[in-house]
Amino acid sequence: MSTPGTSVGEFTAWDYVVFVLMLLTSALIGIYQAIKARGHQTNFQFLLGNRQLRAFPVALSLASSFMSAITVIGTPAEVYRFGAMFLIFCFTYAIVIVISAEFFLPVFYRLNITSTYEVLYTGIVIYAPALALNQVTGFDLWGVLIATGLVCTLYCTLGGLKAVVWTDVFQLTVMIIGFVAVIIRGAIIHGSFAQVLNISYHGGRLNFWE
């Protein structure tokens, strides 16, 4: 919620540097994977990474996929508006993940099934950060959509699943660094992390069971 007298923050020079580096690094990962597999990449390798990817990068990639711009932008607003009761969602989410991993994924794995359901979801995922960038940078909304969409298409098309996984790992790392930076910055502004929690408590934002 906005208050009278406040304004939307704007990008500084370093923000632009990070934004450009994010796009360039994502594109370079796709180009690297394409060059690495040049001349001997089959459809199986392109779509499934030849089933040789390690569990750790795949786990980070899945986490990054679930932690889309909708989550990063929407969840803080949800908690700020309605309080911490949103965290109950995490318990149900954990149950769903265990059931999917133990019962559904083994079946898909044995059937060699690949899913393209995210094609429909991608439009929403790209639109959310594009709208946020439009507000803080003044960039044209369609320009941001096209730029980010082209970069995503580039590394997916050139590098296949391996490029997608390693790009997700990189982007998740940047997101986590950003989360930690926001937490540290908030604690510095208010004196301590305990003070942040105290403000949240008295503001009715830690109403977990209410």
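I begin with the surface, where α1 and α7 each supply at least two residues of a nonpolar patch. The largest share of that patch, 8 residues, comes from α1, and Val20 lies in this helix; helices here are DSSP runs (H or I, at least four residues), numbered from the N terminus.

Please keep in mind that this is a predicted model, in which local features need pLDDT of at least 70 and side-chain atom pairs count only at pLDDT 80 or more, while totals for chains, interfaces and linings use all residues. Residues are numbered from 1 along each chain as its sequence is written, and side-chain values use heavy atoms, with hydrogens and water left out.

Turning to the packing, α1 (residues 13-36) and α7 (residues 141-190) meet at an angle of about 115 degrees, with their axes 7 Å apart. That makes α1 roughly perpendicular to α7 (a term covering angles of 65 to 115 degrees).

Notes
Axes are lines fitted to C-alpha atoms, for helices over the stretch in contact, and angles run from 0 to 180 degrees between N-to-C directions. Angles under 35 degrees count as roughly parallel, over 145 as roughly antiparallel, 65 to 115 as roughly perpendicular and the rest as oblique.
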